[in-house]
Amino acid sequence: MIIKQVSVFLENKSGRLNEVTKILSNAELNISAFTIADTSDFGILRMIVSDPEKACSVLKENDFSVKTTDVVLAKTPNKAGSLSKLLGILQEEEIFIEYMYAFSMDNEGAVIVIRPTRVEYCVERLQKHSTELVKADELYRL
């Protein structure tokens with residue numbers, strides 16, 4: 001139920017993101033979801049990839065600063081009100097969210113990537129509310 005997310009620190013200069021994607025592509029690693037947060041000096045690329053350990057290894061070999069973070073992936077219907085319902089559960093259970101992002105697959109639903117401060121507690125509470133969570137072994141069948 002806990003997924004490893006890869007975070008890469010990038011200098012804000014042209015071509016750095018493309019370098020990362022080329023390295024991952026050459027290593028035959030797939031990116032399922034990503035988000036980028038930036039400041040004036042650097043950006044943080046957060047990704048769900050097909051093999052987090054291999055991704056970290058090949059990126060470090062190419063002088064990128066990389067780390068993994070535990071996240072939770074919740075499935076929701078891709079319809080109005082679904083995100084609000086999930087956020088209501090998180091609020092009710094007093095789960096603090098550092099950040100989140102999502103991806104949708106048309107009528108198949110949406111997947112919400114959640115970075116809570118207490119990952120295991122978040123999993124436990126979402127399961128209590130019968131929220132469907134993505135397991136690592138099924139992630140790449142989405």
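Predicted model: local features only at pLDDT ≥ 70, side-chain atom pairs only at ≥ 80, totals over all residues.
Two strands are said to pair if DSSP finds at least two bridges between them. In general, the strands of a sheet pair through backbone hydrogen bonds, in either the parallel or the antiparallel sense. Six strands form an open sheet, in which the order is 2-3-1-4-6-5 and the pairing is antiparallel. Strand 2 (31-38) and strand 5 (97-104) stand at the edges; each has a single partner strand, so one side of each lacks a neighbour in the sheet. On average, and with direction ignored, neighbouring strands of this sheet are turned by 30 degrees against each other.

Strand 1 (residues 2-11) shows how the pairing works in detail. With strand 4 (residues 65-76), strand 1 pairs in the antiparallel sense over eight bridges. With strand 3 (residues 42-49), strand 1 also pairs in the antiparallel sense, over six bridges. The residue S7 can be followed in both directions: its bridge partner in strand 4 is K67, while in strand 3 it stands opposite R46. V8, in turn, stands opposite L45 in strand 3.

Helices are placed against this sheet. Helix 1 (residues 16-26) lies across strand 1, strand 2 and strand 3, and runs at about 135 degrees to strand 1. Helix 4 (residues 119-128) packs on the sheet as well, touching strand 1, strand 4 and strand 6 (110-116). The direction of helix 4 makes about 10 degrees with that of strand 4.

Which of its residues are buried? They are S82, L86, I89 and L90. Seen down the axis of helix 3, these buried residues fall within an arc of 100 degrees, and therefore they line one face of the helix. That buried set packs against strand 4, strand 5, strand 6 and helix 4. On the other side of helix 3, S84, Q91 and E92 are exposed. Just after helix 3, E94 takes a positive phi of about 55 degrees.

The aromatic rings complete the description. How many aromatic pairs does the structure hold? The number is zero.

Key
Residues numbered from 1 in each chain as written. Heavy atoms only, no water. Phe/Tyr/Trp six-rings, centres within 6.5 Å; stacked < 30°, edge-to-face > 60°. Helix = DSSP H or I, 4+ residues; strand = E, 2+ residues; numbered from the N terminus. Axes fitted to C-alpha atoms, helices over the stretch in contact; angles between N-to-C directions. Contact = heavy atoms within 4.5 Å. Buried < 20%, exposed > 50% of the residue type's maximum accessible area, 1.4 Å probe, protein only. Arc of directions from axis to C-beta.
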